[in-house]
Amino acid sequence: MIIKILGSGCKKCVALGENAKTALQAAAIDAEIEKITDVVAISGYGVMSTPGLVIDEKVVSTGRVLSASEIGGLLKNK
Amino acid sequence: MGDVFVWLNDQLLRMQWLSDLVTLLVRDGFGLDPASQIGGSIHFFIYDVIKIFILLSVLIFAISYVQSYFPPERTRRILGQRSGLGANILAALLGTITPFCSCSSIPLFIGFTSAGLPLAVTFSFLISSPLVDLASVILLASIFNWSIALAYVTIGLVLAVLGGTLIGRLKMEDQVEAFVYQSPVSDHDNDGAISLRERLAFAAGQVMDIAHRVWLYVLIGVGIGAAIHNWIPEAFISALLGQDKWWSVLVATLVGVPMYADIFGTLPIAEALVQKCVGLGTALTFMMAVTALSLPSMIMLKRVVKPRLLAVFIGIVTAGIILIGYIFNATAHLFV
């Protein structure tokens with residue numbers, strides 16, 4: 001599983017990355033977290049409001065800092 | 001009824017109480033005459049900084065709450081359902097309430113264009129977004145008066161609608177970098193999932209974010225304002241920017257366009273200029289030039305549009321701002 005955090009390095013993107021890490025640990029999933037900071041690359045996902053969360057190349061959230069438990073729910077649905 | 005409005009306007013919006021308090025502080029606390037050069041600058045600085053930060057916090061909070069209902073995805077959906085001039089007007093209006101900073105202009109541009117929105121609509125939005133927002137209306141009303149605030153918003157929206165329409169007429173779709181059209185369109189929208197608590201937290205977060213981003217600009221802006229207000233000789237300013245000088249609007253535009261600052265930082269400068277008998281049109285031109293166009297946003301836009309379209313965009317907005325300056329200078333007596 002590959003998780004991508006979309007955002008040009010704002011505080012919210014860092015927070016989302018931290019929450020994703022916590023969620024992965026809680027679910028005992030070994031996945032890679034990648035940060036996408038280039039605006040053109042972010043737009044490549046069709047995302048207009050950051051931070052965005054991408055799980056296995058699918059956009060699952062935009063414009064919000066999801067909590068670790070919310071991310072956990074999304075991971076389970078995978 | 002009228003008296004009540006005047007009182008509310010003076011105390012809440014213009015914060016007469018704060019001005020009186022700062023007068024006391026300057027006179028009794030610092031032992032300076034508020035009418036003197038030093039006392040006057042200190043009064044201007046303290047009063048304006050506190051006033052702007054109070055208004056900024058309250059306004060950003062209220063506006064961000066409204067904004068949480070209009071994420072860009074929703075704005076795009078609403079705009080996609082309209083066409084013609086109506087779509088331009090709607091784009092200009094939505095530009096006033098959609099979260100925006102120059103850093104988000106590229107994702108928005110790509111997101112709108114790849115979803116098939118016409119360039120006319122996208123540019124109406126891009127012009128209106130930084131130029132006019134609800135916070136600036138209230139701030140203008142606080143520093144100047146309501147008729148100037150409403151006039152500013154109206155002409156800002158007209159500029160956005162006309163500028164966008166003009167760009168649309170020029171049929172410059174081939175002037176957009178090809179990868180923009182090939183970008184995928186994600187219609188992911190969290191809107192339904194957001195709770196009231198999250199919206200309030202978002203609004204509070206926006207206040208912190210924006211205060212963090214603009215505080216330095218505000219201090220610099222008020223500092224320049226205080227300097228203009230008390231230290232730079234009026235003769236010098238009026239020779240450069242005076243109402244009777246035909247070039248004043250052009251100078252204000254040339255200085256303002258490359259500059260990057262927030263409307264919160266620009267207002268105190270405009271305020272001080274007007275108090276020094278600079279034409280209202282010249283001061284507003286300066287504000288519009290600073291907020292609507294800036295080097296950083298041009299550099300960003302250059303990544304998604306070809307030079308000709310970028311030049312047309314800058315040209316149209318600059319010409320519009322200059323025109324607005326002359327119109328306001330000619331009709332200023334109606335507003336003051």
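Trainee: What makes a feature count here, and how are residues and chains labelled?
Mentor: This is a predicted model, in which local features need pLDDT of at least 70 and side-chain atom pairs count only at pLDDT 80 or more, while totals for chains, interfaces and linings use all residues. Residues are numbered from 1 along each chain as its sequence is written, and chains are lettered from A and ligands numbered from 1 in the order in which they are written.

Trainee: What is the secondary structure of chain A?
Mentor: Chain A has 3 helices and 4 strands, arranged along the sequence as β-α-β-α-β-β-α. Helices (H or I, at least four residues) and strands (E, at least two) are DSSP runs, numbered from the N terminus. By that criterion, chain B has 17 helices and 0 strands.

Trainee: How do you know that the radius of gyration of chain A agrees with that of a compact globule?
Mentor: The radius is taken over C-alpha atoms, and the globule rule is 2.2 Å times the number of residues to the power 0.38. For 78 residues the rule gives a value near 12 Å; chain A has 11 Å, so the two agree. For the 336 residues of chain B the expectation is near 20 Å and the value is 21 Å, which also agrees. The C-alpha atoms of chain B fill a box of roughly 65 × 50 × 40 Å along the principal axes.

Trainee: Why is helix 14 of chain B called mostly covered?
Mentor: A residue is buried if 20 or more other C-beta atoms lie within 10 Å of its own, exposed if 12 or fewer, and partly exposed in between, with C-beta atoms placed from the backbone. In helix 14 of chain B, 11 of the 13 residues are buried, and therefore the helix is mostly covered. Among the buried residues are Phe264(B), Pro268(B) and Glu271(B). The cover includes helix 3 (37-67), helix 8 (134-143) and helix 11 (196-230) of chain B.

Trainee: At what angle do helix 3 and helix 8 of chain B cross, and which residues make the contact?
Mentor: Their axes come within 9 Å and cross at roughly 145 degrees; axes are lines fitted to C-alpha atoms, for helices over the stretch in contact, and angles run from 0 to 180 degrees between N-to-C directions. The contact includes Leu55(B) and Leu59(B) of helix 3 and Ile138(B) and Ser142(B) of helix 8. Its residues divide into 8 nonpolar, 1 polar and no charged. Here Ala, Val, Leu, Ile, Met, Phe, Trp, Tyr, Cys and Pro count as nonpolar, Asp, Glu, Lys and Arg as charged, and the others, Gly among them, as polar.

Trainee: What makes two residues a contact, and how many residues of chain B are in contact with chain A?
Mentor: Two residues are in contact if their C-beta atoms, placed from the backbone, lie within 7 Å. By that test, 16 residues of chain B are in contact with 16 residues of chain A. Helix 6 of chain B gives the most to its side, with 5 residues.
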